[in-house]
Amino acid sequence: MSMRRFALITGLVAGTLAFGGTAAFADTVTLDGTVAPHSTVASTRTTGANSAAELPLYGEGTANANTIIQVANIALTSNNTQGIELTASSDGTLTSANGGSLNYQLLLVDDGAAQPADTAFSGSSSVVNVTDDFVNNVAAQDLYIEYDAPAYLDPGAYTDDITVTISNDEL
């Protein structure tokens, strides 16, 4: 036993002397990981009087110019610290089964913002960059439409779909 200890101690001392100090070896461990962009959008149609579910279309002898209605609440989540691009788009026309039509425009605004003026609307799509509104990866927007309700409009139920999409690309 003592011979083995002597050989081990001699080897360590010899190694120390041969290298001019203690021997050190190093290696590198590289760590890699990827987090995919993850965002969601959920649109909830407004209900009640003067809502997406009950648009005041007039058309029975009474007209109303610059009718502005909030039609959806939009909830967003994202892990992208740069933010997301939110787009609402449609063909911009409410239509009925019997051929009636009514043109409208879209606008996305910050959640809880005041109702926009009719001059803020500019077409059948609206795009916003949602960057600094995220709190705990959650943000929200409101979707409005604007139209001029005519005095006379063909009878029937009028419908259209608005598509809301998000892009995770860095802004």
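Which backbone nitrogen does the side chain of S126 reach, and at what distance? The side chain of S126 reaches the backbone nitrogen of L108 at 3.0 Å, where a polar contact is a pair of N or O atoms within 3.5 Å, of which, within protein, one must be able to donate a hydrogen and the other to accept it, and where residues adjacent in sequence count only if both atoms are side-chain atoms. This is a predicted model, in which local features need pLDDT of at least 70 and side-chain atom pairs count only at pLDDT 80 or more, while totals for chains, interfaces and linings use all residues. Residues are numbered from 1 along each chain as its sequence is written, and side-chain values use heavy atoms, with hydrogens and water left out.

- Four strands form an open sheet in the order 1-2-8-6 with antiparallel pairing; strands are DSSP runs (E, at least two residues) numbered from the N terminus, and two of them pair if DSSP finds at least two bridges between them.
- Strand 1 (39-45) and strand 6 stand at the edges with a single partner strand each, so one side of each is left without a neighbour in the sheet.
- Neighbouring strands of this sheet are turned by 30° against each other on average, direction ignored, with axes taken as lines fitted to C-alpha atoms and angles running from 0 to 180 degrees between N-to-C directions.
- Strand 2 and strand 8 are joined in the antiparallel sense by eleven bridges, and Q70 has Y144 in strand 8 as its bridge partner.
- Strand 6 and strand 8 also run antiparallel, joined by six bridges; L106 has I145 in strand 8 as its bridge partner, and V109 stands opposite D142 in strand 8.
- Nine of the twelve residues of strand 8 are buried, so this strand is largely enclosed by the rest of the structure; buried means under 20% relative accessible area, exposed over 50%, and partly exposed in between (1.4 Å probe, protein chains only).

**The nonpolar cores**

- The largest nonpolar core has 25 residues, of which L76, L86, V130, L143 and Y147 touch the most other members; such a core is a set of buried Ala, Val, Leu, Ile, Met, Phe, Trp, Tyr and Cys residues joined through side-chain atoms within 4.5 Å.
- At least two residues of this core come from each of strand 2 (64-78), strand 3 (84-89), strand 6 (105-110), strand 7 (125-130) and strand 8 (138-149).
- A second, separate core of five residues includes L107, V109, F121 and Y144.
- Leaving aside neighbours within four places in sequence, L86 is in contact (heavy atoms within 4.5 Å) with residues including V41, I74, L108, V128 and I166.

**S126**

- S126 has its place in strand 7 and is buried, with a relative accessible area of 7%.
- Beyond its neighbours within four places in sequence, S126 is in contact with L86, T87, A88, L106, L107 and L108.

- Three bridges join strand 4 (residues 93-96) to strand 5, and L94 stands opposite L102 in strand 5.
- P155, in the loop between strand 8 and strand 9 (158-159), is exposed, with a relative accessible area of 63%.
- The C-alpha atoms of P155 and G100 are separated by 7.4 Å, although these residues lie 55 residues apart along the chain.
- Leaving aside its neighbours within four places in sequence, P155 is in contact with S96 and N98.
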